[in-house]
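Good morning, and thank you for the time. Please keep the sequence and the structure in view while I speak.

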Amino acid sequence: MVVILVLCVIFCFSLLGYKLASYYISRKKFFSSLQIFMSSFKLDVSFSQDKLKNVIEKNSANVSSPDLTSICSNVCSILDNKKPIDNSILDNVKILKNEEKDLIIKFFSSLGKYDSTNQAKEIDSYLAKINEMYINANDECKKYAGLFIKLGVIVGVLVCLLII
Amino acid sequence: MLLDILTDNLANIFRQRVSLKDLTEIRIRRKKPIVVFVKGQPYYLSNNGLCCDIDDALIASQDMINEIVYKASDFSIYAVNEQIKQGYIMLENGVRIGICGNVVTENKSIKTIVSWSSLNIRIPHQIKNFSLCCFDDIINENGIYNTLVISPPGAGKTTFIRDFLYQISNHNYCLNISVIDERGEIAGGDNSTLDIGNFCDVMSYSTKPDGFLKCLRSMNPNLIVTDEIGSVEDANCLIDAMNCGVKVLASMHASSIEDLKSKKIFQNIPHNFFERYIVLSKRDGPGTFEGIYNEKFARIVKW
């Protein structure tokens, strides 16, 4: 009975630690996916010159971050309604800081507003900023994600010791 | 489709207060009153619909122009930049948006147009039986005469051609007709509701030299139809068609036969190539027939 209780407590605290860590893991995954999305988007704009909605739909199918998939889906809905891009594309996205949100909105708002050469340049300039954000997110992930998981396990063990 | 590309305010005004059936043109100029042409007559556009008082007219803003262009391009300027370089964007159903602004050039070639300052939204109309009064004068026992339709811009050349194609089908002349529709205005592109009959093979958004070559090689046409001959290359296409024994129906900007004769492009076309000239004008509104002329420029029909 005690063994089961100990295992349950350790599991619960580890889960809590993982939940806290997943914020950083999701952020890293988001920026990594966004980099890939932007690069392939740039290629499509330069060569296939397909309509924006089709390009976003095509590229979002290969995205591993659920948050980016959600943003892409929101952007496509807005384009379907022929409305300008606004804050609503970030509905349900909770992993971004305010300045990151601003940049994402600006990036998606800038899509489709230039000829292919200038659009590619515009994407490059956003890609440079996203690269910096990815580096920060990656550093934070390395620093905190492991820490929270370890802390979860350790706190779980400590609580078990106290209970015993 | 037209209302989809306008700003919400403009779309509401057109939806509620303007008859789209008679609308032919919308002119939107930065910081200037919006002008609407209904049945060829100009009116200002106000919040209450059409008006004649400039003080009531809606003034176009840069944001309004930008929004219309973005919407017209499906928010994909890069995808329609080739059209923008030519000064227009084509929508479905043959609606054409003419664009003016700052031309960006590199190595003497146009890269794009930016800072759009004026838009001219032209709405095509299908006027059934519009060409009927000329039909028997263009058709002969061997098919049709090589025919050139001339008029100033906006006087009904494309409408004439579209209806003539419909009439060929309606009169059951089973000709193989290749339509080189460079700007998608004749047939209206994909999902068009414009009716050009049952015998047309449409090559949309192709340049005339490419379109003529492809159709001559692969479609075995009896008749090639195209809009607005505007360059020596275009004129050479007609000669290629003639050398292949294919008849041509084309149009060209000119206000009269004399004006036509003075054009350098026309002078490049062999003498007597065209056997019929249809002259249209806006004298009594767009689509006024001025006359039909034969290959010797003698008027054979006068209205």
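First, some conventions. Residues are numbered from 1 along each chain as its sequence is written, while chains are lettered from A and ligands numbered from 1 in the order in which they are written. This is a predicted model, in which local features need pLDDT of at least 70, side-chain atom pairs count only at pLDDT 80 or more, and totals for chains, interfaces and linings use all residues. Here pLDDT is the predictor's confidence in each residue, from 0 to 100. Chain B has a mean pLDDT of 91, with 99% of its residues at 70 or more. For the model, ipTM is 0.81 and pTM is 0.81.

Let us begin with chain A. It contains five helices and zero strands, and from the N terminus its elements read α-α-α-α-α. Helices (H or I, at least four residues) and strands (E, at least two) are DSSP runs, numbered from the N terminus. The radius of gyration of chain A is 20 Å, whereas a compact globule of 164 residues would have one near 15 Å. That quantity is taken over C-alpha atoms, and the globule rule is 2.2 Å times the number of residues to the power 0.38. The C-alpha trace of chain A spans about 70 × 30 × 25 Å along its principal axes.

Chain B has ten helices and 17 strands. Along the principal axes, its C-alpha atoms fill a box of roughly 55 × 45 × 35 Å.

Chain B is divided into domain 1 (2-122) and domain 2 (132-301); such bounds come from an automatic or database domain assignment. The C-alpha centres of the two domains lie 28 Å apart.

In what order do the strands of the open sheet of seven strands stand? The order is β4-β3-β2-β1-β7-β6-β5 in chain B, with antiparallel pairing. Two strands pair if DSSP finds at least two bridges between them. The edge strands of this sheet are β4 (49-51) and β5 (88-90) of chain B, each pairing on one side only. From one strand to the next, the twist averages 40°. Axes are lines fitted to C-alpha atoms, for helices over the stretch in contact, and angles run from 0 to 180 degrees between N-to-C directions.

Several pairings can be followed residue by residue. β1(B) and β2(B), residues 35-38, are antiparallel and share four bridges, with Glu25(B) opposite Phe37(B). Their hairpin has five residues between the strands, and Lys31(B) there takes a positive phi near 60°. β2(B) is also joined by four bridges to the antiparallel strand β3(B), residues 41-46, where Gln41(B) is the bridge partner of Val38(B). This hairpin has two residues between its strands, and Lys39(B) in the turn has a positive phi of about 50°. Further along, ten bridges link β6(B), residues 96-106, to β7(B), residues 109-122.

β13(B), residues 223-226, and β14(B), residues 247-253, pair in the parallel sense over three bridges, with Lys247(B) as the bridge partner of Leu223(B).

Finally, the contacts. Two residues are in contact if their C-beta atoms, placed from the backbone, lie within 7 Å. Between the chains, 14 residues of chain A and twelve residues of chain B take part. On the chain A side, α2 (52-60) and α5 (116-163) are the elements that give two or more residues. Within chain B, eight residues of domain 1 are in contact with 13 residues of domain 2.

Thank you for your attention.
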